[in-house]
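Colleague: I'm new to this one, so please pick a single part and take me through it slowly. After that, just keep going to whatever else is worth a look.

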Amino acid sequence: MFLLEVTDLYFRYGNARVLEGVSLTVDEGEIVTIIGPNGAGKSTLLNVISRSLRARSGSVRLAGEDITKAGQSHVVRSGCILVPEGRQVFPTLTVLDNLLLGGYVHRGGSDETLARVYRLFPRLKQRANQLAGTMSGGEQQMLAIGRAMMGRPKIMLLDEPSLGLSPQMVKRIFDALEALRAEGTTLLLVEQNALAALGLADRGYLLQTGSVVTSGTVEELSADPNVKKVYLGASGDEDLTPAEASVLEREVDAAVHDSGS
Amino acid sequence: MQLWLQGLLTGLAVGTVYGVIGVGYVIIHRIAGMVNFAQGDIAMIGAFGAVMGGGFLAPPLAVLCGGLAGAAAALLVYWMAIHPLRNKGALVQTIATLGMGLAIRSAAQLYFGTEPHQLPPVTGGGPIKVFGASLSVQTVWLVLIMVVLFFVLRTYFDKTMTGRALSACSINRYAAGLVGINYVKMAMIAFVISGLVTGLMGGLVVGYSFANVGMGFTLGLKGFVAAILGGFDKIGVTMVGGIIVGVLESWVAAGVSTTYQDVIIYALLIVLLIVRPSGLTRMQVTSRV
Amino acid sequence: MSEPTTTPAATATAPALDTSGLRKRLLSPLAIVVWLAVVIIFPLVAGDFYTGLATTIGTNCLLAIGLVMVTGYAGQFSLAPAAFYAVGAYGTALMTVNMGVPGLVAMLISAGIALAIAYAIGRPIFRLRGHFLAMGTLALTEVFFLLANNLEATGGSSGFGGIPPLTVVGFSFDTLPKQFWLAWVVVGAALWAALRIGKSREGRALRALRGHEAAAEACGVNVPWSKTRIFAGSAFISSLAGSLYAHFLLYVNPPPFGVETSINILSMVVLGGLAGPWGAVIGATLIEIIRQGIEGVLPSLFGAGSVGAGESLVLGLLLVFILVTRPDGVAGGVGALAGRIREAREQAELDANDAAAFATPSMSAQDARKYESDEVVLRAENLTKRFGGVHAVDDVDLVLYRQEILAMIGPNGAGKTTLLNLLSGNLVPTSGRVVVGEKDVTGRPAFQFARHGIARTFQTPSLFAGMNARANVLVGAHLRGDVGLSRSALPTRAALREEQRLGAEIDEVMHQLGLSHLARREATQLSLGQQKLLEVARAVGQRPDILLLDEPCAGLNRVEKDALAAVLRRLRAAGMSLLLIEHDMQFVMNIADRVHVLEFGKTLHVGTPAEVQADPKVIDAYLGVDRATEAPEDEEDETDVPA
């Protein structure tokens, strides 16, 4: 049994078909990444899985239980928690209040979980009584992840955690994600920063215009010509210039090598 | 001098009522982003709840009955006018609350008739003399209850989990959903709290004045002035705003004319909307974000 | 600079549109004749009771039409009808009785006063906090009611009598049928004016701002001012209704001018439908029928005393019920059906005539050539925007030269859209300046940016809901017309000619973008790609000097992208300067003269496509840096943190 099993998911926004039959699985303890160009439906997919949006058809199963039509708070309580794109912290509440709200479904969360969050992000402890909106983008991302941790997720869905962050900060966030996995949290990661995502993940799916084009291990994806084109943000129907291709290959090799070590 | 002092003490009573009803507006506006036009009628239902409770209960308990009746009425407004229209935007919801207010008022008129009803004050006892002006015991109760409400509400919103969840819903409904907060449940809680405090005030009004079905109009409009003064956000400032309105009103009544006291207060509302729509604490509100 | 040539497909569509125009020209005089005939005949056959009732409905219709203009067109919730109704009634009463002013003059003066009051109140409220209008107008109504009830001049609660019937050049409206005629001819005129306004430049602007305020501003619509004008226009009509009321009853007292009346009118409008003035007429009639029904039934059930409260109870519940079940009202339901049939027919004609979509223009040498001008049309200096602790845009300098295509690229979250919003006036910078041509426009409202020749599209399609594709693009031409509210209400030759001119211009734009065949389709129902193109058309319809495009390619396929590139080149050749955000690198490298790379809100690189492509830093930024490429160990935060 998979921890998360998404089967044939469809979603429409007005007349726009955003998801057209997406299926994927995530095993316990895995880090799985979904990559793809802008507008492929990655964010929508995470929002449908976490029940912020309602699927048109298809099913989402969490540890065997069908949560497609469950209430959002039930989904959160069952341990499927989304760290949204753009962080979405509560800017006019303090950092501590934000974290406590993360544990809302557990009546505020335990001191033990809070200690875990502070251990992973000491910065949040220093700033516990500061308003969240006054923090830098990177700190807000830490808070968003910390807030999700407070809900004691079995699987954490992350939507572009590197958005607008400097390379140093991206590294810090990704290190934290790796530590989270080491503690036993499963991660489903949507990233535009595909190289970094593949460096972290075990497996990946390539999403394009609402459906899965390719999937496989990081090595398989890296070898897939489709993926290389997606890196460039091009729409995938033209060839790379030799210069671009060589740069990419170097980058991808480095990423894969790093994840293997 | 004594005239002004007496005005101040008289105005204090109505002012606390306006202030707390203003808080009722604020609580709903925070979570639903709209102005509840039935707020005054909820206060009226509170008054009649107290009158009915007063038939067989001691006055303090009767006032509590008023609070419960107000909460029930607010919940009714939510389920009939807000919940079914939750995807429709504030304009439609606001018009619907206007319709609900009208319906509640007319239903009350059919049931209670148009004649005024009365209830004894919360406790007996003659007026207290303050520098020659008289302060009724009911006013003391009103102010005390308002102060208690202030601390209770503030603690509730800032220190309890549900209170934080209410704030979260008003700041960012999407993110609130992500941490598992059920918006509908929170909205119901907000309407109940708003109805409760508004109904309590309606019940307390009957102790120094009387209840009739038309009373909701002035209470609603003046409570709204208080809410505007509070920038539709701050509970404490709204309460102070209500007292300002009440005192101003009784000074106008004493010094200018009782006929035009309402005209002047409503004109003040219009001026306020024009020159200072963000309330008494504009600077703080803008610099906070 | 050559005007684009008209292609055969465009000439093919022209006759089809002309016939429908001819139909319309014949239809409207016919409607007027039918209206007048019905109005003349009705009192002759209906008898006194129904004629009286219908006259009351007539005055209510006027109030309701006024409210539809404010609430239906502009989406603003007002409880003012009773207040301006009172101004008209008491103004007429006081002036005709005390000063002997002729009825018609008194009527116009009162309406002028109502207009002035509406302007004085509306202007500041709409600029600051429009959604409190309802409470403000509620207070206004109550103030006027209390004044009428207490002032000596108005006769207090016992009222004010002795008003003469309205006499116009010797003809006195002194009998019931004559009053009926007067009321319904005025209703007809108001209805006609309201319908005209709905279709005019001003009405489009109002519906646009109701649909999407930011996009309307970007088209140059001065949002608060537009709302104020329609509010004042509505006050004018309400006041006329009051004057008529005074001349019909020859006596005024306070009760009809209370808040209940405003709520009543609101119920009519909601029941009938907010979308157009026909809803007001239907609603006013239906409510009166319901009222008569209640007055017939209730007394036998609950006794005579229950009538007033019973009526209110039914009205209140009806209001909620209609909003929940049929928010567009009775006319909305009927109108939607009729509109669908008509639009489908027109759409079918378009489909037959313009099956060839997107006529890809071949690229002429002129289109392809680069224009190396050193004239700066848009300049950003040290532009910074902070949201709380986040520096979305951090000290960016940017220049856009005349007739160039500048592409802005960078990873998600780099601040591209924020920068564009700063350049279009939709956001106010924390610091720094925006200069258009020679003019510093920093801090001005967005509609003024549009007036300085800046047009833009949005990242997520921001079309105006409830309007068809052509009407959406016509809003873009807003600034090139100058027919206001009053001139479109009384369509002068110039107004009609202007409408035709703008129509022809935007039809040409839509044709160029291959959108002609979608003209009658509801804009928000189109596919994502079509919506994005339609937004480009709306922006081009502004005939701007500077065009800002936020991800114009999202949702387009390769063929459409090529066609869009050709259109953009042609716009450049015609003299426009373009700035576009785009993720499709092939598109960018193909079309851009220069590329501005943004990362973490800062400028990373500015140069020609070739230079940018060759810069390894840019490749890193855009493709994503692998986290293995080392960063300085545990260095403190790069962003400054407020203590």
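Modeller: Let's start with Y10(A), whose bridge partner in β2(A) is E20(A). In β4(A), the partner of Y10(A) is S57(A). Strand β1 (residues 4-13) of chain A pairs with strand β2 (residues 16-26) of chain A in the antiparallel sense, over eight bridges. β1(A) also pairs with strand β4 (residues 57-62) of chain A, again antiparallel, over five bridges. Strands pair here if DSSP finds at least two bridges between them; strands (E, at least two residues) and helices (H or I, at least four) are DSSP runs, numbered from the N terminus.

A word on the model: it is predicted, so local features need pLDDT of at least 70 and side-chain atom pairs count only at pLDDT 80 or more, while totals for chains, interfaces and linings use all residues. Residues are numbered from 1 along each chain as its sequence is written, and chains are lettered from A and ligands numbered from 1 in the order in which they are written.

Over in chain C, F236(C) sits in helix α9 (residues 223-249). F236(C) is buried because 23 other C-beta atoms lie within 10 Å (20 or more counts as buried, 12 or fewer as exposed, in between as partly exposed, with C-beta atoms placed from the backbone). Leaving out residues up to four places away in sequence, F236(C) touches A111(C), A114(C) and L115(C); contact means C-beta atoms within 7 Å. G66(C) is 170 residues from F236(C) in sequence, yet 8.1 Å away in space, C-alpha to C-alpha.

Next, a helix pair. Helix α3 (residues 81-98) of chain C packs against α10(C) at about 120°, with axes 7 Å apart. That angle makes α3(C) oblique to α10(C), because under 35 degrees is roughly parallel, over 145 roughly antiparallel, 65 to 115 roughly perpendicular and the rest oblique. (Axes are lines fitted to C-alpha atoms over the stretch in contact, with angles from 0 to 180 degrees between N-to-C directions.) P81(C), A82(C) and Y85(C) of α3(C) meet V259(C), T261(C), S262(C) and I265(C) of α10(C).

Last stop: helix α21 (residues 558-573) of chain C. With 16 residues, α21(C) reaches 23 Å from first C-alpha to last, close to the expected 22 Å, which is 1.5 Å times one less than the number of residues. Its buried residues include L564(C), V567(C) and L571(C). After α21(C) comes G575(C), with a positive phi near 115°.

Conventions: Contact = placed C-beta atoms within 7 Å.
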